[in-house]
Structure formats: C-alpha cells, structure tokens
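Please read these notes with the model open beside you.

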Amino acid sequence: MSIAENIKSLKKETELINVTLIAVSKTKPVEDVLEAYNTGQRLFGENMVQELVEKYEQLPKDIEWHLIGHLQSNKVKYIAPFISMIQSVDSLKLLQEINKHAEKHNRVIDCLLQVYIADEETKFGLGFDEVIELLRSEEFTALKNVKIRGLMGIATNTDNEKQIKDEYYELKTFFDGIKQSFFRKDKSFDTLSMGMSSDYKVAIEQGSNMVRLGSTIFGQRVIKHWKNN
C-alpha cells in the first residue's frame, strides 16, 4: 500500500477510538512527508534535532512537529521557536532549559515526561519515583513556559507480548495516579503516548491515546537518506 493509503487506513482506525496518530518521519525524505501531508496528516515526529530543523524549513508551516527522540539540553534552542510538543523530557534540567528558551520566544511549550518502563539499559526516561520527585519540586513549580501534557513510554523491544502489555499497563496505571495526584483540576494533562509500529495495538488496548508510527505508514523499504535528496 502507498503512504497515502496507509494514512487513510490508520486515520480511520485511530479516529474512531480518539487516538492521536503521530507519523514518525525520521530518515524519510521530504517527498514522503509531503505525501502523508497531502493525505491530511499534520502531526509528525522526528528523533534528531538537525533533521527536524531542516524538514521544518522545507515543509508547510501548519505541520505540528513532535520531538520524540532523546533531546540534549544544548539543542533545545534550535527547536524552541516552532516545536509543538517535546515528548522525551527525561530530567528537570532539560525541562528548565526548554522553559528558558520558550520564554525567550514568548511561548509555552507542551511536553510529555518520558517514563522508563523497558527492560533495556539503552532506553532513556525517568523512573516512577523520579517523576513524582520532579512534580513535587519547587523548581518545577517555578516553570511558567512549559506545560506537562502527559507521559510517554517505550516498551521493551521483544516478541513477548505479555511483557509489553504489562509495561504499558503499568504506565497507564501510573498516568492515572499522576493525574489524580498532581493534575486533577488540569484538563490539559490528557496525553498518554505509548505504542509504535510493532506494538501500537497492544498499547491502545492498555489505554494509550497517542501512537507514534513510522514503518506502518512509510514502509520498511530502503530509500535514499533524507539528506541526499
């Protein structure tokens, strides 16, 4: 199926159940992003700041860009003027840096706290206790130019569906607890971003309302890298 057909099919599937679809366009050429855009997709996720900035400059300005990969504090300044959401906030230090640059641009930047749920050392994220510690801190309360919209998690890369299910179930339970404890009166704390191409159906079953899909949309085929186009 083409990118356009994949988008149409996935939109039909996700919109029925109020799940937001993020098209993960990392390493994909601008032409592929445009094909998805021309089918009505407006939310795109990128992993690398440099690639994100270059695509932002080349593509329509009504695209809402989400940074979903690990973000270094010294790169925040490049995306602060335009980013719609940073899904991978994994420290108070990073949040403070986002706040600083958002303030410079007179913006409030939407963020998700990335929670470490996988059984893998290579993944980033805050532990459950660290999330609570961050949200209780005076430093966090002082930040006026970031808005915590919810949580994001990446499950273990495994064929063991039960393990993935358990990890997502734990994160959903934690999300509900955090909402009750810290954001009870805040309607904008509403996003649980879980699920990628390999496991998004399990994630949705466990309560995800935002999925990040790359190969399901753009295919696995080997293409020229975005920079070489």
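1. Start with the length of helix H1, residues 3–15. The expected span is 1.5 Å times one less than the number of residues. For the 13 residues of H1 that gives 18 Å, and the end C-alpha atoms are 18 Å apart, so the two agree. Helices here are DSSP runs of H or I with at least four residues, strands are runs of E with at least two, and both are numbered from the N terminus.

2. A word on the basis. This is a predicted model, in which local features need pLDDT of at least 70 and side-chain atom pairs count only at pLDDT 80 or more, while totals for chains, interfaces and linings use all residues. Residues are numbered from 1 along each chain as its sequence is written, and side-chain values use heavy atoms, leaving out hydrogens and water.

3. Which residues of H1 are buried? They are Ile3, Ala4, Asn6, Ile7, Leu10, Lys11 and Thr14. Buried means under 20% relative accessible area, exposed means over 50%, and partly exposed lies in between (1.4 Å probe, protein chains only). Seen down the axis of H1, the buried residues fall within an arc of 155°, so they line one face of the helix. The arc is taken from the directions from the helix axis to the C-beta atoms.

4. Now look at both sides of H1. The face turned away from the buried side carries the exposed residues Lys8 and Lys12. The buried residues are covered by elements including strand E1 (20–24), helix H2 (30–38) and helix H9 (200–205). Strand E8 (210–213) and helix H10 (215–218) are also among the covering elements. Contact here means heavy atoms within 4.5 Å.

5. Next, salt bridges. The rule asks for a side-chain nitrogen of Lys or Arg within 4 Å of a carboxyl oxygen of Asp or Glu. The count comes to 10 salt bridges. One of them joins Lys11 and Glu15, at 3.7 Å from N to O. Both residues lie in H1, 4 residues apart, about one turn of the helix. Glu15 is exposed, at 51% relative accessible area.

6. Another bridge reaches further along the chain. Lys201 pairs with Glu13, with their closest N and O atoms 3.0 Å apart. This pair links distant parts of the chain: Lys201 is in helix H9 and Glu13 in helix H1, 188 residues apart. Lys201 is partly exposed at 47%, and Glu13 is partly exposed at 28%.

7. Finally, Glu46, Glu51 and Lys55 are linked in a network of salt bridges.
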